[in-house]
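The exercises that follow ask you to read helix packing and strand pairing from a structure. Work through each task on your own before you turn to its solution.

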Amino acid sequence: MPKLLVLGDDLTGSNATGALYARFGLRAVSVSAPLTPSSPCLRQDSGIDALVVNLGTRHADPEQAKAAVRAAIELAGPVELTVKRVDTTLRGNVGAETEAVLDSAPAARALVVPAFPDAGRVTLGGLHLVDGKPLAESPAARDPLTPVRSSRIRTLLGPAGGRTITELSLDVVESGVDGVVGALREAGEIVVCDATTNRHLTAIAQAAARLTAEDGTRWISVDSGPFGVRLASALGLAPGRGEVAPVLAVVGSITAQTRDQLAETEQVLDARYVDVSPDQPDPAEIVEGVGKLLAAGHRVVGIRAVPPAPGVPADPAVAAWLPAALAKAALLALTRYRIGALYASGGDIAVEVTKALGADGFEIDTEVLPLAVAGRLVGGAFDGLPFATKGGLIGDAAAAVQCLEHLNYVLATHPGRKNP
């Protein structure tokens, strides 16, 4: 049976959310209501990890929307996490459907996190903003069928069946996982969370998962897509089809832009890196550090060059030997450990890594973002290994995350060969 049940209110949103779960390694299938006991997606052997049900209730009467939610939950049966997917602009029966989900799980609490930072939707001070404007001043307020009358999420939730509603402010979220855990302990049955970046979503998800591990708190996620999948990951529900091999990142760029991008991977993907300083450490030493990170359970591990101390100019000699040294360490890591995919940041690094692995070339599958491409190595011992490359000065803070998430998606949906 599915591990997760995702309840959407329109087809396009449901499908887009299913794609997010697939990217995180879950086998996601999107279907439209009504379900029946004989629906193939409900078979014991369906192999589905995340069942995404489009209820088609965006423009329905609130009571009809509640009934559709209850029916889908009853037919789907017990799952480890129920997600009420809401529109990124909170149109539709947000309050009624949230209430119906909670009615089906009396002991559960709801995390309402509708922020979708990558799409310009954030929550600040309990208010939902669209491209920097309050929701009630956005085009969603003029929707001819389901106009949104308030920017405050708490107001849009309505009476919530008499349940207590707490707003979790951004300063608490930014205090880190420990701070969020403490706030969630004291919060009400429904918690509306501020979030303006993907790392905020990750912090809330990790805090919620910690409470589940400590005292058995059961959560319902009310979100527009990116939070629910992070909560599922934090709860250990992804990847869904066996173990997805980790990704190795090799980063030679030392620009401030690259540092910001790597910090984002640490926050969003729990990536961890072995720092390579200019004193030319032994590649075996570097790889030993990689092994420790893998043993600790990190799914994205990396080797990165450390910039010189402030005020110290870069040494041209270091710049000359560094790409080859990092490439040699990458080869050793790929030979010693099971690595599913490779990410290289910096043009020289990509060239040296390809050379060190004995590849004849690089088969390009797609452009993840402008000037960042992904594909597979061609030839050599690592023929077919998924590989993504990006220049050190390319992309915003989320660029490396996008490349690494693409590789995770490839590994989850098209498992490749194992390393020697």
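**Exercise 1.** In which crossing, left-handed or right-handed, does H7 pass H8?

*Solution.* Before starting, note that this is a predicted model, in which local features need pLDDT of at least 70, side-chain atom pairs count only at pLDDT 80 or more, and totals for chains, interfaces and linings use all residues. Residues are numbered from 1 along each chain as its sequence is written, and side-chain values use heavy atoms, with hydrogens and water left out.

Helices (H or I, at least four residues) and strands (E, at least two) are DSSP runs, numbered from the N terminus. Two packed helices are described by the angle between their axes and the distance between the axes. The axes of helix H7 (residues 198–215) and helix H8 (residues 226–234) come within 8 Å and cross at roughly 40 degrees, where axes are lines fitted to C-alpha atoms, for helices over the stretch in contact, and angles run from 0 to 180 degrees between N-to-C directions. H7 and H8 are therefore oblique to each other, since angles under 35 degrees count as roughly parallel, over 145 as roughly antiparallel, 65 to 115 as roughly perpendicular and the rest as oblique. The crossing of H7 with H8 is right-handed, which is the name used if the near helix is turned clockwise from the far one by less than a right angle.

**Exercise 2.** Identify the order of the open sheet of eight strands and its edges.

*Solution.* The order is E2-E3-E1-E4-E11-E5-E10-E9, with parallel pairing; two strands pair if DSSP finds at least two bridges between them. Strand E2 (28–32) and strand E9 (165–168) each have a single partner strand, so one side of each is left without a neighbour in the sheet. From one strand to the next, the twist averages 20 degrees. Within this order, strand E4 (residues 81–85) and strand E11 (residues 219–223) are joined in the parallel sense over four bridges, and Val83 stands opposite Ser221 in E11.

**Exercise 3.** How many bridges join strand E16 to strand E17?

*Solution.* Seven bridges join strand E16 (residues 361–369) to strand E17 (residues 372–378), and the two strands run antiparallel. Ile364 has Gly375 in E17 as its bridge partner. The hairpin of E16 and E17 has two residues between the strands, and there Leu371 takes a positive phi near 70 degrees.
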